Amino acid sequence: MSNVQAASGPLYLGIDLGTSRTSVAASNGVRETIVSYVGYPKDAIASKKLGKDVLYGDEAIANRLSLKLYRPLAHGVIQTDHEGSENVRAATDLIKEIIKRARPLPGQKVYAVIGAPAQASLHNKQAILDAARESVNSVMLCSEPFSVAYGLDMLDDVLVVDIGAGTTDLCRMHGTMPEDADQITSTFAGDHVDAVLMDLISKHCQGAQFTKEMVKTIKEKHASVLDQMPAALVKLPVAGKPTEFDITEHVKTACRSIVPGIVDGIQHLVASFDPEFQDRLKGRVLLAGGGSMIRGLDHEIEKALQERLGSGRVVRIEEPIYGGANGALKLAFDMPTEYWEQLK
Amino acid sequence: MGTLDLARFEDADGGLFGPAEIERFMRAEHERARRYRFPIVCCVVAVDRLDQLQDLYGVEARAEIMKTAVRAMRGAMRDSDLLARLSGDQVLIFYAHTGPHTGALLAERVRTAVKKQRFDLDGRTIKVAASVGVVSVEGGSSESFDALVALAHDGLRMAQKAGGDRHVEIGSGTTQESLEGTPAPLGAGGVDADQVDKLERRLARLMSLLDDTEAALRRAHAPVAPVAATSEAREMSEQKRELMRNIFEANRELRQHRDGEDESELTT
């Protein structure tokens with residue numbers, strides 16, 4: 001019976017290895033996401049206190065004072081320059097953990113498709129492959145925005161804008177495999193918003209003490225580009241005393257700072273497309289990734305497109321966090337078995 | 001009363017009748033279907049990944065999700081349909097005078113109704129999905145009530161194994177065939193089979209029209225799913241085959257490049 005075959009068959013995984021979050025969607029129905037942090041106890045005391053050799057995600061952040069904490073990805077790829085080998089180890093452990101959370105059965109084959117930034121270098125792609133090989137039987141990489149489009153079955157005349165933490169990947173789909181000219185990667189993404197917001201808070205909130213993580217949390221709670229956005233009132237310590245600041249305008253300014261860069265990218269991809277299909281392409285812009293959850297961003301980009309290109313329609317996908325992983329899973333499942341076998 | 005354990009039925013969430021009565025109604029309706037030869041459909045529904053949600057948000061959240069999900073299911077049913085909660089937070093739904101086509105549509109309606117619910121848990125809005133095992137039998141079938149429930153459970157397990165958020169139809173005694181898309185003929189062997197068939201199809205068309213917009217949206221935005229392990233699911237267009245080949249080639253080149261590097265390092 002088919003259900004018996006399904007249970008003993010391979011487990012297909014779609015993995016979105018992100019600078020901020022790593023998500024997996026598995027063919028057994030499991031979907032998990034973890035914050036892309038990996039921590040190792042600093043010493044024997046920390047190790048005894050924590051009772052674990054490696055901590056991941058929120059747990060790692062919560063115990064960061066006892067840990068050597070790594071965020072192994074930057075701009076969507078494994079950091080290989082600063083603390084290179086440690087980051088590679090952390091990335092390998094992160095991939096191992098996300099695969100473990102997909103709950104493969106003992107002895108079950110695992111085939112994974114991992115989304116990588118559209119314009120990741122050869123070296124970066126190989127680093128991701130090497131990190132994944134330890135945990136899976138066979139692995140393939142594909143461009144992140146492509147996997148989003150594939151997951152939605154929108155392969156013709158669609159422009160995907162995948163806004164992550166490290167990078168924003170833009171990719172136009174025209175029924176074939178996107179080439180280099182079809183893809184743009186920029187750094188106008190979540191980390192850019194954090195940096196601008198940190199700068200604005202330092203300038204305008206006298207004496208406020210904060211960390212990058214605190215600013216990231218504030219952004220995730222209040223992010224909006226709406227003219228009439230709810231007030232963003234936050235408490236930050238000033239000389240140890242929690243003090244309330246109204247940072248509504250700063251949040252809005254920081255979030256809007258990525259719009260021109262994204263619109264530039266869209267304009268470039270539309271302008272260099274077949275003129276007969278340009279109208280259709282700019283009418284089918286899909287927003288994906290965690291950054292697309294900024295309130296009002298779809299309308300803001302749409303407005304900018306109408307000003308610059310005369311028209312444009314932007315739609316946010318239903319599941320921004322899992323869009324990439326879902327698409328990668330669909331790809332993994334559709335991939336013929338012989339291809340998986342050959343890449344073992 | 002057969003082999004179905006009465007204790008398996010729990011409180012039917014504020015229903016007028018107790019668990020034992022509901023089971024009795026279902027059995028009686030099933031007997032009537034056999035005697036008067038009308039088609040019936042039996043569904044077992046479960047909210048996907050409920051245990052994980054409980055781990056994340058606690059037992060109370062689980063109870064709240066089930067309560068809301070059952071209310072949504074009731075809203076998606078006809079007044080004449082019967083619903084009972086089983087242990088393990090599964091729900092049994094019994095549709096009398098219902099053929100396989102309508103049964104599948106009703107199961108989809110129940111699944112969609114659950115999916116539309118939103119829950120505020122720990123300050124986060126989450127949504128859930130449901131899996132449904134559907135078994136339909138023709139009028140006059142000799143299948144026992146307990147066997148029907150067991151088959152519906154099989155369907156539910158298949159739906160869950162295929163990733164959830166779907167229904168799997170099983171025609172009684174023809175599990176495999178139904179999975180491959182050949183449901184049992186409508187009203188075959190029953191009284192007024194042609195009329196039942198016509199009414200079924202008319203109802204199906206009307207319901208399809210109503211759900212058309214929603215289905216289009218679902219196709220466009222569906223969390224792309226863990227796909228069912230059927231030959232149908234493996235079918236793909238030439239365009240996709242070409243894409244698969246290209247991705248494979250790109251990955252093979254990547255690997256060959258890496259292997260080349262390794263070899264040159266060894267040589268050095």
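How many aromatic pairs are there over all chains? The count comes to seven, where rings of Phe, Tyr and Trp (its six-membered ring) pair if their centres lie within 6.5 Å, and planes under 30 degrees apart are stacked, over 60 edge-to-face and the rest tilted.

Some housekeeping. This is a predicted model, with local features needing pLDDT of at least 70 and side-chain atom pairs pLDDT 80 or more, while totals for chains, interfaces and linings use all residues. Residues are numbered from 1 along each chain as its sequence is written, chains are lettered from A and ligands numbered from 1 in written order, and side-chain values use heavy atoms, without hydrogens and water.

Now the pairs. Y339(A) and F248(B) are stacked, at 4.2 Å centre to centre with 5° between the planes. This pair crosses between chains, from helix α14 (residues 337–342) of chain A to helix α9 (residues 238–267) of chain B; helices here are DSSP runs of H or I, at least four residues, strands are runs of E, at least two, and both are numbered from the N terminus. Y339(A) is buried at 12% relative accessibility, and F248(B) is buried at 2%. Buried means under 20% relative accessible area, exposed over 50%, partly exposed in between, with a 1.4 Å probe and protein chains only.

Within chain A, ring pairs link Y12(A), Y111(A), F333(A) and W340(A) into a cluster.

Last, charges over rings: NZ of Lys or CZ of Arg within 6 Å of the ring centre and within 35 degrees of the ring normal. The charged end of R31(A) sits over Y322(A), 4.4 Å from the ring centre. K330(A) lies over the face of Y150(A), at 5.5 Å.
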